[in-house]
Amino acid sequence: MRSLVKWGVRLLVPVAATAGLAACGGGGGADLEIYSGRNRDLIEPLIERFEAESGLDVEVRYPGDSTAAALLIDSEGDRGPDLFISQSPGAMGFLDAQGHLLELDGDAFDRVPDRLRAPDGHWVGTSARVRVVVYNANNVEPVELPDSVFDLVDSEYRGRVGIAADNASFVDFVTSMRELEGDDEAQRFLEGLAANDVRDYGTGNDAVLAAVARGEVDFGLVNHYYNARAKAEDPDQPTVNHLFAAGDVGSVVLLTTVGLLQSGDDHRSAAERFIEFLLSDESQQYFADETLEYPVVDGIEVGETGIGSLSEIDAPTVDLARLGEEFGSTRDMIESSGVVDS
Amino acid sequence: MRRRSDGRLSVAVAAVALLFAAPLLYLLLQARDAFGAVRDADIGAPLGRTIALATTSAITTSIVGTALAWLIARTDLPGRRFWRIVAPLPLVFPSFVGAFCFLAAFTEGGLADDYLLRPLGIESQWRIEGFGWSVVVLTLFTYPYVYLPVVARLTELPASIEESARSLGCSTRRLFGAVVLPQIRGAIGAGALLVFLYSLSEFGAVSLLRYGTLTRSIHQSVQSFDESSAFALSLVLAACALGVIALERAWARRRGRIESTGGGRVSIRYSLGRARIPATVFVGAMSALALFGPMAVLAQWAWRGVRSGSSLHAERLLPSVTNTVQYGVIGAACAVAITLPIAYLIVRHPANVIGRGANAIVTSAFAIPGLVLGFVFVDLALTDRVPEWLYQSAPLLVLAYVVHFGAQALRAGEVVVAGVPRRLGEASRSLGVSGIRRFLRVDLPLMRSGLGAGAGLVLLSVAKELPATLLLIPSGEGTLALRVWSATESLFYAQAGFFALALVALSGALTWFITIRPLAREGRL
């Protein structure tokens, strides 16, 4: 009998503990629910600040851009998140094109220049990043630095370039290339990379940067802030950012964005308060200082990014709404080009 | 009497099977539109790579895991009290983190290159990628799937047979082949099957090693927001799992079942003699590659970051540890308890259709990638057919863990139940002790260490799980593994290193407590 009780207790404890977890972890009751495509370490501090300042209860999940969009694409009814924060415009634009976003209003959004928000008012940029080529200074002579991203298909770069072809930022970069230079040019570029033994690191820009730092490849196509963040941890790392020549699509400006989802209509005022908070001087300064991105409003002091401030960059202008509309077709183009073949 | 309790067992098993079948059924329904597209798409090459990788890894881990288990549990290997804690630990690395650290440690330009080889004037040319290296990395990080059940089995074997063989002049080598191996074959097979299934659904390591398996196609479907293609492709993996289960059953039937009494005697320990040095080098090399190399990378990250002023975010440590322990322990306990009836049914009544069906369903769920299972549970929670509180709640996450890792508990359970002699049940029945009391007083004490091994496997798997946890964990919570992944992704290497070391230490402590201490207390390890 004693053993019966003992084992009964042992089996009951997990059940009771699960029930206890359920009591404290249940969803659904928050003032605002967010799906974040952006990394938790980068955005959580801001969310904690917002909760403290507003007194609102915010729930956040961090599925990543594509996973979030794939989850949201079939969603109906009012269950599910209110806001979506994306790390690149493509996923947001894709949801917009599928009719999943509501129009935002509020004066605060006027702080953001027109070119950094959706023409239809369905989403707004929250910070900006620039595409760069990061290189290993031990293995690359200054004369070897490419003026244009198209140079990377030349034979002198054979086997020396790394990309993260499944990363949303790379997809948006390719869509930008299609918009600015035409589909044929983009197709030729991807096939040229494939023929030039480009090394694909899947979704991970972090893996690309680590490979450049080790010298596994000499060049990596990534967003600008990775290098500065890595060097904050390891100042000895021999990696340097290089910006392509003025107007080259290789250095296109991409955005992190935020948009209100159909399922968020009942929490609209809390959602708009949060968006205003993201665009406040305080949050914009946070992006400049902590995530090392470019603010989307004027008057913020930009920290050390290694390539100057956004206004100094003569980046090509792309219709950001197109990035979402063409996201799927660009994915197809990348997959069929052979750059991810192994 | 006997028939009635068997009937109850079948009902219980059917109920459990239904729990596991629900998400698979949902996958099937959602994927039906995409089957055409999947058939047209060229999945032959990635599928071939997946099967080649899974098969080879299952074979290599069988050899490595069994060798380590034998050396640590049954020989006078120097430092075995240390090795028995260290040996299961490589399983704690989330495969993405493990592979990332392995690369950072051993590839061209990595840590070993900088600190060991270059000072010696050696130029490393290791470019770690492709099939061969994927097998190496998977072997290093998954051999504990074989090691743990084999250790548990080895320590349960009665000393009497081996003693008789030895007194008849049988050499240790022949004794291993003729006496021990047949007794542990079931445990090796169970472990190898887990490695095979794990390798089917593995993504983090193979993507870093640039080896394009079917999981990459699945992830690419998700990247293109194409949920139903991802579902259809993961059903192909489930089909592979079913195929290998059928093979395993056929093999098990042919080989017959070997029962041996467990418990009681302390196992024999063999002297290694002149083999002590190579044996120690082997065990040390495995740990260096699978555990200490990656840990050195993590330590370097933490140290370097602290030196240059990065924050370790130590204030996040305690909540993460608490979450990891909670989900690990609860997930492991639930998985072991829920699958035990199935283990009973398939061992005691191998021909029972319900048992065979349940086994197939539970086992194939392990081949579904965590990301896809996460999708299924989020989708289910977002429909109006389930209560709203379930959405993003802890019980749903625990359920996902049980479904995903139930196969591990079931394999361990099977090995354990097979070790409980049937005549014990008959004896206790003749004494008027039956049903649940017999189970608690006779069977369960005999199965404790084996169930501990199963629970240890599930616990380590839960502690390192990433994609399903990421999608399902209640807001505000975070496991150590999630913190490591998130910090690595945004290049906060100091924090990643610190949390990963904490994960290794915590998993080591928990495995010691659940799996190794019970064996050690009985004087068996």
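1. Start with A:Leu292. This residue counts as buried, because 23 C-beta neighbours lie inside 10 Å and the cut-off for burial is 20 or more. A:Leu292 is not a glycine, yet its phi is positive, at about 60°. It sits in the loop between helix H10 (281–291) and helix H11 (320–325) of chain A. Keep in mind that this is a predicted model.

2. B:Phe225 has a positive phi, near 60°, and is a residue other than glycine. Its place is the loop between helix H12 (214–223) and helix H13 (227–255) of chain B. B:Phe225 is buried, with 25 other C-beta atoms within 10 Å.

3. The C-alpha trace spans about 70 × 65 × 45 Å along the principal axes of chain B. Of the 525 residues of chain B, 56% count as buried. Take the contacts in chain B between residues at least 6 apart in sequence: 84% of these join residues at least 24 apart.

4. Helix H18 (residues 394–418) of chain B deserves a look. It has 25 residues, and at 1.5 Å a residue it should span 36 Å. The end C-alpha atoms of H18(B) are 34 Å apart, which agrees. H18(B) also bends, by about 55°, at B:Phe405. Is H18(B) enclosed or open? Of its 25 residues, 24 are buried, so H18(B) is largely enclosed by the rest of the structure.

5. Helix H22 (residues 480–489) of chain B is mostly covered, with 10 of its 10 residues buried. Among them are the charged residues B:Arg483 and B:Glu489. B:Trp485 is another of the buried residues. Just after H22(B), B:Leu491 takes a positive phi of about 65°.

6. Now the strands of chain A. Strand E1 (residues 32–36) of chain A runs parallel to strand E3 (residues 83–86), joined by three bridges. A:Tyr35 has A:Phe84 as its bridge partner in E3(A). E1(A) also runs parallel to E2(A), over four bridges. There, the bridge partner of A:Ile34 is A:Val60.

7. E3(A) has a further partner. It pairs in the antiparallel sense with strand E10 (residues 253–261) of chain A, over four bridges.

8. Last, the contact between the chains. It takes 54 residues from chain A and 56 residues from chain B. Elements that each supply at least two residues of the chain A side include helix H1 (2–25), strand E2 (58–61) and helix H12 (327–337). Which element of chain A gives the largest share? H1(A) does, with 10 residues. By type, the chain A side divides into 22 nonpolar, 16 polar and 16 charged residues.

Definitions and conventions:
Residues numbered from 1 in each chain as written. Chains lettered and ligands numbered in written order. Predicted model: local features only at pLDDT ≥ 70, side-chain atom pairs only at ≥ 80, totals over all residues. Contact = placed C-beta atoms within 7 Å. Buried ≥ 20, exposed ≤ 12 C-beta atoms within 10 Å, placed from the backbone. Pairing = 2+ DSSP bridges. Expected span 1.5 Å × (residues − 1). Bend = angle between axes of the 7 residues up to and from the residue.
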